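Here is a short note to read beside the structure. Please keep the model open and follow the points in order.

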Amino acid sequence: MAFLSDTLSRVKPSPTIAVSNLAAELKAAGHDVIGLGAGEPDFETPDHIKAAGIRAINEGKTKYTAVDGIPELKAAICEKFQRDNGLVYEPAQVSVGTGGKQILFNALMATLNEGDEVIIPAPYWVSYPDMVMLAGGRPVPVVATLENDFKLKPEQLEAAITDKTKWLIFNSPSNPTGAGYSRAELKSLTDVLVRHPNIWVMTDDMYEHLAYDDFEFCTPAQIEPQLYDRTLTCNGVSKAYAMTGWRIGYAAGPKELIAAMRKIQSQSTSNPCSISQWAAVEALTGNHDFIKENNAIFKRRRDLVVSMLSEIPGITCPKPEGAFYVYPSIEGLIGKTTPKGTQIDSDETFSKALLEDVGVAVVFGAAFGLSPNFRISYATSDAALKEACSRIQTFCKGLS
Ligand SMILES: Cc1ncc(COP(=O)(O)O)c(C=O)c1O
């Protein structure tokens, strides 16, 4: 009898975490490595949020809480949805978990049966397909090409739907491309979904507040009220509030689904960290001025990276609407050879050579379901980004 479960063979470890670990290992061994793999802001959690966490500790708010969130946080989340998205939810429609990741996982575990299909626009966040497979479902990736600004077209969505489709996972602004859907682009997708009443929408709005220029964020249930009863609107404090380590994510949707997610959570992790929940109350209800300040920095970095990469013959780097990623294509470099004799036959080879030859860690596109590309996270200092892009320029110049 095998010791490890069959389920385990259906999933692979997160490639983004693997790249970050490899870059950290090389650094620790004394190599000069610039890591552009990690999907987390380099900013500190703002002081007023930290203070709320410290206050919670000092006030003894350190015990178990209700499984899917304290009432104060649920109230703050309802207020947030109303304020930012015009969506009305009551606390019984809200679930709080240990990061956005657990929320998505709970929802899939609570709803998928063997063979149920989940449409996932590609390039996608690495965890979606594996979570679907862990829950016994079948991921159905649909490629949104660079020519279409990495955005799914309504006819592609329509063509991917079968009588087994249970969910569409929607993520805008996107990890890994940064692409953000305009109101009209999203409406064209929700129009398709309205015609298919059995399909649910899991919208991952984690990067809602990280949008630049005049991009206006919108979310499916807001655009199309007919979808309200079959949409799980997921969000979290990790990215916009620089709170990745606090592990708080949340979602709102139909009560029955929220209750099912609570059941899963009650038998796995129970409540998310009590201290983090109080910090999240402050994040959602307190001063938000820092988001604007952080976004001005992210926008400057995005423009820097896009402009330096766009100077490289063979690389195409679109300018995305949000998040803190770019997803350049290396189509024009395929077939070339490095000075050490490695032939660039894929984005994986490219990324490996980039790390070994010039010490820049990026994540290869195959991990996200669209090749040949790579993902850069520009959530790091301007100086590191300038140096990294200049090393990429040198590396590409050296290809023949
Ligand atoms: C698109 C997307 N969704 C969800 C998450 C998970 O966020 P959390 O850290 O809150 O679990 C991430 C984190 O990288 C992400 O990029």
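1. Start with the loop between strand 3 (117-122) and helix 5 (127-134): P123 is found there. Helices (H or I, at least four residues) and strands (E, at least two) are DSSP runs, numbered from the N terminus. A cis peptide bond joins A122 and P123, with omega about -5 degrees.

2. A word on the source. This is a predicted model, in which local features need pLDDT of at least 70, side-chain atom pairs count only at pLDDT 80 or more, and totals for chains, interfaces and linings use all residues. Residues are numbered from 1 along each chain as its sequence is written, and side-chain values use heavy atoms, with hydrogens and water left out.

3. Look next at P176, in the loop between strand 5 (165-171) and helix 7 (183-194). The peptide bond from N175 to P176 is cis, and omega is near 25 degrees. Most peptide bonds are trans, and most residues other than glycine have a negative phi.

4. D149 is not a glycine, yet its phi is positive, about 55 degrees. D149 lies in the loop between strand 4 (138-143) and helix 6 (154-160).

5. Check the polar contacts (here, pairs of N or O atoms within 3.5 Å). A backbone N or O atom of G100 is 2.7 Å from an oxygen atom of the ligand. For an N or O atom in the side chain of K239, the distance to a ligand oxygen is 2.6 Å. For one in the side chain of R247, it is 2.8 Å. Taken alone, the ligand exposes 400 Å², and the protein buries 93% of that. These areas come from the Shrake-Rupley method with a 1.4 Å probe.

6. Two strands pair if DSSP finds at least two bridges between them. Strand 11 and strand 12 (residues 374-377) pair over 2 bridges. The bridge partner of V363 in strand 12 is R375.

How values were computed: A polar contact is a pair of N or O atoms within 3.5 Å; within protein, one must be able to donate a hydrogen and the other to accept it, and residues adjacent in sequence count only if both atoms are side-chain atoms.
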